[in-house]
Amino acid sequence: MSGWFFRRWKRHRWLSDMRILSLVLVNLLRHRLRAFIGVAGISFGVAAMLTILAIVTGAIGMFERILSTDSHYLVFERNVSDLFFSSVTSDQVASIRERPEVEEAHPMLFGIVAVGDHPMVTCFGIEATDPRLATGEWLAGDRAMFGVRDDTLYLGSRAAEFLAVQAGDEIEVGRGTFRVGGVFKNENGFEDGGVFMPLSMAQDFFQRETASSVVAVKLREESTGPTFKAAVEMDHPGIIALENREFSQSYNSFKILNFTAWAVGICAFCLGGLGVANTMLMSVFSRIREIAVLRVCGFSNRQVTMMIFGEASMIALAGVLVGFGIGFGVLAVMEHTPQFQGYVQASITGSVMVGIVITALFTAVAGAIYPAIYASKVQPAEALRYE
Amino acid sequence: MSDRGEIIVRAKQVTKSYDDGRITVLHGVSLEVRAGEVVGLWGASGSGKSTLLHLLGGLDLPDAGTMEVCGLDPTREVDRIELRRHQLGYIFQMHNLIPDLTVEENVRVPALAIGTPRAETAKRVRELADKVDIRHRLHHRIQDLSGGERQRTAICRALMNGPRLLLADEPTGSLDEKTGNTVFALLKEMAEQNNIAILLATHERRFAEQCSRVLRVRDGQLSEI
């Protein structure tokens, strides 16, 4: 009997709470400007977070793909702060290639060069056998000629576009003048916006003697990975071999980028949350009498609190929708803006979307805590005394 | 619905003061109100009429004394919510309707608090609107109504959940003479039809004289006249 009564009471309470939510939309529509300010705050937070995270995640993804093209392991200098400063010597590369587990090993040297008016263009020093030359779509020039001549470099199609050069032209790179031997299109934004040099030429250009930044290693049998890793690290204590996945999770620059993106995004959300708090506070203060009337009409503290949280959540949901719209719009524009040299390749994962929605709702609800407590403590007699 | 003659309000030695006891508004007030009675609380502004209604409605707490309204204790939170939801309706001088909402939406508010099904609420709103002759205004916003229409809307809202007691605080105070008469007559009619007790605070003698009983409020004391 008591169970039946409890279930009936719970159902009744739930129903009445649901019906109160119908007031939420009405209240927001009654105070459109205020609601708009709250929605704008959250939507800018969502758009900022989406844009930053999508760009950072996309950049990390592109960088990962540069490193892991057709490979299982990456070998680079131990304890280096950034791969640009890593040195794996040609002797070490040769030693790696001689290992029985290794099918192929492709050294690569990274550098940043100034080309014409563009002060920062990524330069890749690679060997002629590097798989990215084979996978690229050659728009001009002959792949077979890569590395044959010392004064010739090759461009990604996006780089050729923003540098406004074509195969056969001469361009100034740093203090040298080089001939463009060919142009090839690559799906990876970093590579497509980059300059490619034969490895030995890049080593001369960057005065790195026989060094490579990283070696991408493809094994004959993936299961021999641990043996390969242990052998490399024993033979060459100064270098480290990491599985591609392991590298992505442990590489400091990726971690810093990710952390920074989330930190900036959350700061943007905090501003949005303050906006919601301000909106809800203004809303509660200007409706003290109205809330008192609701109490007189039978609304409990819990129902008043629910109404305020409902309004904040509705603002957050609208903010998320608008913010996603703005964010996707900004990303689409950035991806097609030539000035970004193709470096913006947004990548939006499900977990990022869920994270943004949760952060937005949490921020809005947190912003509504004080207004909701204030509203639930409104004393009807006090509020109605001075009619 | 209450039985005729059943005691709806019983207050004994109720005292209320403000400003840390420096201003005493009610001095040991006692009263009883029975079902179907229209009891007028007549007195000048500031005499304590509204304070007494606030105490009985659980909007404020007394310093001393006991009160029982519809068998519940308005000083207890649980009883207060039950009282406001099912047992009493409140009518204010300035009607205190929610601006920007329509008449229908305002009248529905008490039903929202108790979760009455939508269809049942809509039927009840139409019934009440017919009774107070405001059905043609149901979809109009409050700011588009005259003073009398607003007060009739407030009466509908107060009656929404079928209360046994109406606490009316100067319900005709902001209305012109003709509209005031209409609203007062309407209140009396509602009380009679539904066997509702009404405790009506007014400073206008002409309305007080039409009540079934009149209690004069002066210097924080009640006296029957």
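Two strands are taken to pair if DSSP finds at least two bridges between them. Strands (E, at least two residues) and helices (H or I, at least four) are DSSP runs, numbered from the N terminus. The structure is a predicted model, in which local features need pLDDT of at least 70, side-chain atom pairs count only at pLDDT 80 or more, and totals for chains, interfaces and linings use all residues. Residues are numbered from 1 along each chain as its sequence is written, and chains are lettered from A in the order in which they are written.

Strand E3 (residues 118-126) of chain A pairs with two other strands. With strand E2 (residues 102-115) of chain A, the pairing is antiparallel and runs over seven bridges. A:Val115 has A:His118 in E3(A) as its bridge partner. Two residues separate E2(A) and E3(A) in this hairpin, and A:Gly116 in the turn has a positive phi of about 55 degrees. With strand E8 (residues 195-198) of chain A, E3(A) pairs in the parallel sense over four bridges; A:Ile126 stands opposite A:Pro198 in E8(A).

Overall, chain A holds 15 helices and 10 strands. Its radius of gyration is 30 Å, well over the 21 Å given by the globule rule for 387 residues, so chain A is more spread out than a compact globule. The radius is taken over C-alpha atoms, and the rule is 2.2 Å times the number of residues to the power 0.38. Along the principal axes, the C-alpha atoms of chain A fill a box of roughly 90 × 50 × 30 Å.
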